[in-house]
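Keep the 3D view open as you read.

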Amino acid sequence: VLRRIGTQTRLGSRSRGTRAGIGDVLLGVQVGVATLVMMLAILLVQSYRQVASVDPGFEPESLYALAVEPPGPAHADGQSAQPIINTYTAMLESLARTPGVANAGMVSYMPLAPGGLGSPYRSAGEAIDSGKPPDLASVRNVSEDYFQTMGITLIAGRGLRSTDERGSLRVGLINRALADDIRGKLPGVRSVRELEMRYGDGSSWFTIVGVVESVRQTDLRKSPLPEVYLPYRQTLWQNDAYLTVRLHPEANVSAEALRQVVHAVDPRILIGKHGPGNAILDDNQVGSQALASAFVLFALLTLMLAVTGVYAVTHSMIRQRRFEFGVRLAVGATHASLKRMALLRTLKPCLVGMLFALVAVRFWFAALLEPALYETDIHNLPVRAFVLISLLFATGLAAYWPARNVARTEPLEALRDH
């Protein structure tokens, strides 16, 4: 009898084997995708947290910025720029007198905001190599109170002054990154103060009078680049800029109040985008935050699908092999051993899928994913361990729940039903 039952079991298992093989592949793919997406989600969240902790180089708290455009030519030079300079001076003086305002400044391009201007540069004493193009520095027009308003530290020399205007010695400040670059090219130079900066062609540009701390110009994930700050009273080249306002912590100054102060100077002044300093940081991080959030939701979805798949495959396998389990019980197998066999049968393709995902990240996806991560190791072992342990627990629990039905199998009922 047992020989005939065994023969029938082998014959019936052939058709089930094909279906089981396809099910194992699908299950392995599901769990592998869940492993991959969960790892990416955790890494992207870690990357976002790293970006959020970056020091932008200025103090965003109690800071407010307004994009303004006084009437006049878009690109000013010489005498045509003087009326625009006078308008900016009047706006800054009016804002500084406003109750609740601690400082007011002006900058041609706000850090971490769209826009910018660059210029080739050389320092005095640097050889002009015709075969090598000059380096590029970001250039900003600023007022003398801009750095105090933004909370940018002056680390050497003096700041800009209201006397740095047209007709006086052309001066400017540079950031730490540019100072380090100059020292690297001119090893004998200890101090960059009073050093003359030149344009890329070697012609005179301005004299360095101070060095300020570097600021993240375009992206919190990118290191500060060489940067030059020129006094707006001396070298204004465009009419649109940003007004920066530092408010007292306890002050309650509305955006409308600041707009009214600006329009009191000249109602023709156009006011564009404006908002608090924290909004500037938030706008710069919105891409990283959105990507991390999307992958977290996708990871939860793939995890749910993987758990559902494990449960369905285990439940289906136990129903299809009920007769086999009855035979094994009849010849002496225990319910515990059959339950263990059912669990291992389901978890093997899951483990293969997890292993395949780890190999895929290691050899295929690393080069694609690393640019999207900021100071986050894609081969982070704790992340891998956490994902594997979490998935093993989730899939094991999903497989254990239907596998308990093996304990309810009665040999005679299984054989009679067959």
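This is a predicted model: local features need pLDDT of at least 70, side-chain atom pairs count only at pLDDT 80 or more; totals for chains, interfaces and linings use all residues.

Where do Arg 259 and Glu 256 lie? Both belong to helix H6 (residues 255-265), and they are three residues apart, about one turn of the helix.

## Other salt bridges

Side chains of opposite charge can pair when their charged atoms come close. How many salt bridges does the structure hold? There are nine. One of them joins Arg 176 to Glu 213, with 2.8 Å between the closest N and O atoms. This pair links distant parts of the chain: Arg 176 sits in helix H4 (residues 176-185), while Glu 213 is in the loop between strand E8 (204-212) and strand E9 (227-231), 37 residues apart. Arg 176 is partly exposed, with a relative accessibility of 35%, and Glu 213 is partly exposed at 24%.

Another salt bridge brings together the side chains of Arg 198 and Glu 196, at 3.1 Å from N to O. Arg 198 counts as partly exposed because its relative accessibility is 27%. For Glu 196 the value is 24%, so this residue is also partly exposed.

## The buried side of H4

Which residues of H4 are buried? They are Ala 177, Leu 178, Ala 179 and Ile 182.

What do the buried residues of H4 pack against? Their partners are strands: E3 (118-123), E6 (171-175), E7 (196-199), E8 and E9. You can trace each of these in the 3D view.

## Two helices side by side

Two packed helices are described by the angle between their axes and the distance between the axes. Take helix H7 (residues 277-320) and helix H10 (residues 381-403): their axes come within 8 Å and cross at roughly 30°. Angles under 35 degrees count as roughly parallel, so H7 is roughly parallel to H10. Their crossing is right-handed.

Which residues make the contact? From H7 come Leu 303, Val 307, Val 310, Tyr 311, Thr 314, His 315 and Ile 318. H10 contributes Leu 391, Ala 394, Thr 395, Ala 398, Ala 399, Trp 401, Pro 402 and Ala 403. Sorted by type, the residues of this contact are twelve nonpolar, three polar and no charged.

## Two residues with positive phi

Now look at two loops. Ser 62 has a positive phi of about 60°, although it is not a glycine. You will find Ser 62 in the loop between helix H1 (2-52) and strand E1 (63-69). Its relative accessibility is 30%, which means that Ser 62 counts as partly exposed.

Glu 375 is not a glycine either, and it has a positive phi of about 50°. Where is Glu 375 found? Its place is the loop between helix H9 (335-369) and H10. Is Glu 375 buried or exposed? With 59% relative accessibility, Glu 375 counts as exposed.

Technical notes. Residues are numbered from 1 along each chain as its sequence is written. Side-chain values use heavy atoms; hydrogens and water are left out. A salt bridge is a side-chain nitrogen of Lys or Arg within 4 Å of a carboxyl oxygen of Asp or Glu. Helices (H or I, at least four residues) and strands (E, at least two) are DSSP runs, numbered from the N terminus. Buried means under 20% relative accessible area, exposed over 50%, partly exposed in between (1.4 Å probe, protein chains only). Axes are lines fitted to C-alpha atoms, for helices over the stretch in contact, and angles run from 0 to 180 degrees between N-to-C directions. Angles under 35 degrees count as roughly parallel, over 145 as roughly antiparallel, 65 to 115 as roughly perpendicular and the rest as oblique. A crossing is left-handed if the near helix is turned anticlockwise from the far one by less than a right angle, and right-handed if clockwise. Contact means heavy atoms within 4.5 Å. Ala, Val, Leu, Ile, Met, Phe, Trp, Tyr, Cys and Pro count as nonpolar, Asp, Glu, Lys and Arg as charged, and the others, Gly among them, as polar.
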